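Morning, everyone. Please bring the structure up on the screen.

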Amino acid sequence: MALFSLKLANNYSTISKAMVCEKHGQPKDVLSLKELKISKIKDNEVLVKFLASPINPSDINQIEGVYPIKPRFKEFGAVGGNEGVAEVIAAGPKVKNLVVGDWVIPDTKAFGTWQTFAASPENEFQKINKNGISKISAATISVNPPTAYRMLKDFVNLKKGDVVIQNGANSAVGQSVIQIAKAWGIKTINVVRDRPNFDEFAAELHKLGATLVIKEEDLRANSTRELVKNLGNPVRLALNCVGGKSASGITRLLGNNATIVTYGGMSKQPLTFGTGPFIFKNLRACGFWVSRWNKEASKKDKQYMFDDICELIRGGHLAEPWHEETKWETSDDNKTLNKKFKSALSKAGASFGNRKQILTFE
């Protein structure tokens with residue numbers, strides 16, 4: 001590793017295999033595998049080798065051109081992917097805070113993580129303490145766990161025994177909410193769509209630490225109100241990633257002076273809330289976008305949060321998200337790599353899927 005790093009730092013180059021788009025469009029149509037040459041790194045840059053990178057819904061929206069953050073188009077196009085973990089394999093002489101062997105995650109928008117290697121200034125990365133952390137956990141640490149973490153911390157001063165309700169509870173954010181809340185002594189009501197294997201599905205969420213798991217169709221039922229009442233404390237916070245009837249349904253179960261935070265709209269339906277609850281219960285509605293938080297937060301604040309999340313992982317309180325791996329192996333030719341990626345992409349784009357698609361690089 002040291003010899004390889006020294007050679008790269010002394011004018012050697014390497015080839016990165018990357019999924020690149022040259023224009024906006026449907027990802028399956030506009031993405032293709034390209035080989036990108038990385039020449040000698042600059043004095044303030046590090047060369048990294050990616051270990052794992054997920055395919056998130058927002059990545060797909062970004063390539064389609066409908067997401068607020070746009071791809072970073074260069075002369076060859078734009079590398080897809082915003083999240084992932086990489087290992088530093090070479091560092092320029094003016095790099096101060098990273099060394100060979102460190103694990104890092106991107107700390108800049110639209111970095112391009114669907115590639116095998118990348119070179120960038122060290123300030124475009126955030127270091128992750130890799131001790132006791134799997135590459136899957138590290139690769140998925142920068143979007144979903146922080147979204148859950150910040151929503152549980154920043155909107156309501158939650159205390160042990162308080163109650164939170166969320167829809168889309170089987171999503172990666174939802175899984176993080178359940179586990180972090182459990183670690184902090186907070187009860188969760190978790191709303192999911194009905195399905196043939198609902199009981200088995202609910203059992204999986206209970207294993208993560210869910211207090212209650214209920215069907216969207218049962219949100220208005222008197223029996224549900226009784227279950228919520230029996231938790232002992234009113235619901236103080238609602239987390240909404242669905243919108244439409246699901247959002248209005250969870251709002252009905254909120255207590256006085258509660259807050260509903262919207263961070264997604266998977267149903268593609270507008271938010272509709274009853275006027276009565278907002279007036280007579282003094283409810284508050286807010287939005288949250290983790291990319292905005294990342295832009296406004298200091299490096300120190302981000303490091304504190306990631307260290308805290310890593311401690312939750314090491315302590316067994318935050319498991320890897322439900323996922324399926326697609327391995328890019330060094331023995332694969334470009335046609336095979338492209339085919340593997342497109343297969344994972346089609347699964348990632350499936351509506352309301354509950355297994356995150358993750359590329360792992362050998």
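**A loop, a pocket and the cysteines**

The side chain of Asn282 makes a polar contact with the side chain of Asn257, at 2.9 Å. Keep in mind that this is a predicted model.

Stay with Asn282. Where is it? Asn282 sits in the loop between α10 (275–280) and β15 (284–287). Set aside the neighbours within four places in sequence, and Asn282 touches Asn257, Ala258 and Pro277. Now look along the chain to Gln303. Gln303 and Asn282 are 21 residues apart in sequence, and their C-alpha atoms are separated by 35 Å.

Next stop, the second largest pocket. Its volume is about 540 Å³. Which elements give two or more residues to its lining? They are β2 (31–38), β4 (78–79) and β7 (117–121). β7 gives the most, with 5 residues. The lining has 24 residues in total. Nearest the centre of the pocket lie Ile38, Lys74, Phe76, Ala119 and Ser120.

Last stop, the cysteines. A disulfide is a covalent bond between the sulfur atoms of two cysteines. How many disulfides are counted here? The count comes to 0. The cut-off for a disulfide is 2.5 Å between the sulfurs.

Is Cys21 buried or exposed? Cys21 counts as buried, because its relative accessibility is 1%, and buried means under 20%.

Conventions. Residues are numbered from 1 along each chain as its sequence is written. This is a predicted model: local features need pLDDT of at least 70, side-chain atom pairs count only at pLDDT 80 or more; totals for chains, interfaces and linings use all residues. Side-chain values use heavy atoms; hydrogens and water are left out. Helices (H or I, at least four residues) and strands (E, at least two) are DSSP runs, numbered from the N terminus. Contact means heavy atoms within 4.5 Å. A polar contact is a pair of N or O atoms within 3.5 Å; within protein, one must be able to donate a hydrogen and the other to accept it, and residues adjacent in sequence count only if both atoms are side-chain atoms. On a 1 Å grid over the protein atoms alone, a cavity is a set of points where a 1.4 Å probe fits but cannot get out, and a pocket is an open set with protein on both sides within 12 Å along at least five of seven lines; lining residues have an atom within 4 Å of a point. Grid points are joined across faces, edges and corners, and a volume is the space filled by probe spheres set on the points. Buried means under 20% relative accessible area, exposed over 50%, partly exposed in between (1.4 Å probe, protein chains only).
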